[in-house]
Amino acid sequence: DKPIGMTSHDVVQVIRKGTNIRRAGHTGTLDPRASGVLVILIGPAVRLSEYVSASDKRYQAIIKLGTTTDTYDADGKVTASKPVDLITEEQFEEALQSFVGEISQVPPPYSAIKIKGRHAYDMAREGEEVELAPRTIKVYSLELLEWAPPEVVVDVYCSSGTYVRSLAYDLGEKLGCGASLTGLRRTKSGRFTLRDAS
């Protein structure tokens, strides 16, 4: 159960030190701002990475309506603010459900994706224009857990490669008020859940 503030690599380093086993790795990066299930393989199990790497993930996302940032999350600079008092729960629910299924998603400019050998986030930080190609992802279900505007809590069940930050951004665009991700907790990675985590 990765705490907020640590990178996935930091967790691997702590486990290497704690177990004195040099071979260790994770099966899918979790942002430093996110907490939750991070599957770690140690010793000979590292070779099983491709079999254990989960294709399906589940998250609890806190989305702030009315605020857009350059990173699509609370770490970024606010690029736009709009009122949200006219958006109803029914409108939100309708917009949310439009993202269920196989959809095309553009990853956030501040992401670890490499463009000609350079990380997109490095280019974005240096003020360069970052153009990332859309990817096809699957969103199996989106469930509104809490409606307390400007913040809403959503359960996101999706395929690997889905950026919940982009989902929040796209949702804000669809509603016309903008949105950003303010909290993220991975509750499931493949068959591993928070109940299995320590």
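Figure 1. Beyond its neighbours within four places in sequence, Val-11 is in contact (heavy atoms within 4.5 Å) with Lys-2, Met-6, Leu-38 and Ile-40. Val-11 belongs to helix α1, residues 8-19; helices (H or I, at least four residues) and strands (E, at least two) are DSSP runs, numbered from the N terminus. With a relative accessibility of 12%, Val-11 counts as buried, where buried means under 20% relative accessible area, exposed over 50% and partly exposed in between, for a 1.4 Å probe and protein chains only. The C-alpha atoms of Val-11 and Asp-1 are 9.9 Å apart, at a separation of 10 residues in sequence. The model is predicted: local features need pLDDT of at least 70, side-chain atom pairs count only at pLDDT 80 or more, and totals for chains, interfaces and linings use all residues. Residues are numbered from 1 along each chain as its sequence is written, and side-chain values use heavy atoms, with hydrogens and water left out.

**Figure 2. The two faces of helix α1.** Ser-8, Val-11, Val-12 and Arg-16 are the buried residues of α1. They lie on the same side of α1, because they cover an arc of only 140° around the axis, taken from the directions from the helix axis to the C-beta atoms. An α-helix has 3.6 residues a turn, so residues three or four places apart point the same way. The buried residues of α1 pack against β1 (24-26) and β3 (40-42), whereas the face turned away from them carries the exposed residues Val-14, Lys-17 and Gly-18. The 12 residues of α1 reach 17 Å from first to last C-alpha, close to the 16 Å expected at 1.5 Å a residue; the expected span is 1.5 Å times one less than the number of residues. Asn-20, with a positive phi near 60°, follows α1.

**Figure 3. Thr-68 in strand β5.** Thr-68 lies in β5, residues 67-69, and is buried at a relative accessible area of 9%. Not counting residues up to four places away in sequence, Thr-68 touches Lys-77, Val-78, Thr-79, Ala-80, Tyr-169, Gly-178 and Ala-179.

**Figure 4. The largest pocket.** This pocket holds about 1,000 Å³ of space. A pocket is an open set of points on a 1 Å grid over the protein atoms alone, with protein on both sides within 12 Å along at least five of seven lines; lining residues have an atom within 4 Å of a point. Grid points are joined across faces, edges and corners, and a volume is the space filled by probe spheres set on the points. Of the 37 lining residues, Thr-29, Asp-31, Ala-112, Tyr-163 and Arg-165 are the closest to the centre of the largest pocket. Strand β12 provides the largest share of this lining, 3 residues.

**Figure 5. The second largest pocket.** The volume of this pocket is about 270 Å³. Among its 13 lining residues, those closest to the centre are Asp-1, Leu-38, Ile-40, Ala-197 and Ser-198. Two or more lining residues come from each of α1 and β13 (192-193).

**Figure 6. The largest cavity.** The whole structure has 1 cavity of 30 Å³ or more, a cavity being a set of points where a 1.4 Å probe fits but cannot get out. About 60 Å³ of space lies in the largest cavity. Its lining includes Asp-31, Asp-73, Arg-165 and Thr-182, and β12 (residues 179-189) contributes the most, with 4 residues.
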